[in-house]
Amino acid sequence: MNDKRILLVCRIAPYGNSLARESLETALAAGAMGAKITLLFLDEGIWQLVGQHKPETIGHKNHAAMLSALPLYDIEQVLVDQDSVDKRNIGSAELSEIAELIDGHRVKEIFADHDVVLSF
Amino acid sequence: MGHQLICDLRLLTSMKFTIVILGAPYTDEAAESAFRFTQAALEKNHQIYRLFFYHDGVHNASSLITLPQDEIQPAQRWANLIAQYDLEAIVCIASSLRRGLLNETEAKRFSKPASNLTPGFKLAGLGDLVDAAQQSDRLITFGPTS
């Protein structure tokens with residue numbers, strides 16, 4: 001196991017496309033393997049963090065259940081882009097507390113700080 | 001900055017790539033671009049550490065895709081490249097089962113009437129994607145959204 005830092009970028013809203021779920025499955029697999037991983041929610045991906053989904057009405061499993069598993073898998077950092085949140089007029093109180101809000105400047109730093117980007 | 005540039009140029013002489021394919025063939029351009037990038041990298045003597053087919057990208061490995069003869073046969077074209085350069089081509093097993101892409105073992109296990117994984121591709125887990133991210137100089141994702 002080497003020490004490369006992996007940045008996993010989630011830009012997909014949940015339910016409408018299975019890629020949102022599959023990106024989190026990748027994060028959990030990386031965590032389970034002890035990889036150094038940071039998760040960044042960007043653009044439409046921020047909807048994954050907005051609470052009060054009722055996906056059972058459309059026959060889906062709740063995305064939030066997967067999110068809540070993240071700390072159990074030793075994911076180092078879970079971040080969300082403030083600009084993406086603001087553009088969609090989402091209040092920070094509506095977001096899952098699992099993610100830390102970061103500004104655009106910090107987003108750039110995060111990309112620069114990581115060795116590999118897995119983009120979803 | 002200058003030092004960084006020199007390091008990057010050295011790496012450019014031969015780099016170890018992993019290619020992640022998220023798009024199905026035919027529907028959009030992602031898989032086509034992934035194929036062309038892979039082929040170009042190999043022709044320039046770069047190394048492909050692994051091809052990883054994930055999400056709708058698993059359809060690239062289907063032997064049942066049937067197109068008119070004058071069109072590109074996606075699975076066969078990948079299989080030819082895989083054989084020519086002895087590449088490792090991993091198809092995510094979880095994504096595959098959900099989309100009806102099975103090898104003989106999985107078809108038997110789930111009592112399905114057929115298998116359709118093209119020879120040359122291998123079903124395996126997400127661990128191989130994480131490993132590839134750690135072992136490669138560059139990981140490039142080709143998806144309908146990227």
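A residue is buried if 20 or more other C-beta atoms lie within 10 Å of its own, exposed if 12 or fewer, and partly exposed in between, with C-beta atoms placed from the backbone. Keep that in mind for today.

Some ground rules. This is a predicted model, where local features need pLDDT of at least 70, side-chain atom pairs count only at pLDDT 80 or more, and totals for chains, interfaces and linings use all residues. Residues are numbered from 1 along each chain as its sequence is written, while chains are lettered from A and ligands numbered from 1 in the order in which they are written.

Let me begin with two loop residues in chain B. B:H55 sits in the loop between strand 2 and helix 3. Helices (H or I, at least four residues) and strands (E, at least two) are DSSP runs, numbered from the N terminus. B:H55 is not a glycine, yet its phi is positive, about 55 degrees. Is B:H55 buried or exposed? B:H55 is buried, because 28 other C-beta atoms lie within 10 Å.

Now B:Y26, in the loop between strand 1 and helix 2 of chain B. B:Y26 also has a positive phi, about 75 degrees, without being a glycine. B:Y26 has 14 other C-beta atoms within 10 Å, so B:Y26 is partly exposed.

Next, helix 3 of chain B, residues 74–85. Remember the geometry: an α-helix has 3.6 residues a turn, so residues three or four places apart point the same way. After helix 3 of chain B comes B:D86, with a positive phi near 55 degrees.

On to chain A. It has four helices and five strands. Along the sequence they read β-α-β-α-β-α-β-α-β. The radius of gyration of chain A, over C-alpha atoms, is 14 Å, close to the 14 Å from the globule rule (2.2 Å times the number of residues to the power 0.38) for 120 residues, so chain A is as compact as a globular protein of that length. Of those 120 residues, 35% count as buried.

How do the chains meet? Two residues are in contact if their C-beta atoms, placed from the backbone, lie within 7 Å. By that rule, 15 residues of chain B are in contact with 17 residues of chain A. Which element of chain B gives the most to that side? Helix 6 of chain B does, with five residues.

Look at helix 6 of chain B again. Its buried residues are B:L129, B:V130, B:D131, B:A132, B:A133 and B:Q134. Their cover draws on both chains, including helix 1 of chain A and strand 2 (47–53) of chain B.

Leaving aside neighbours within four places in sequence, B:L51 is in contact with B:I19, B:I21, B:T38, B:L87, B:E88, B:A89 and B:I90.

Terms used
The expected span of a helix is 1.5 Å times one less than its number of residues.
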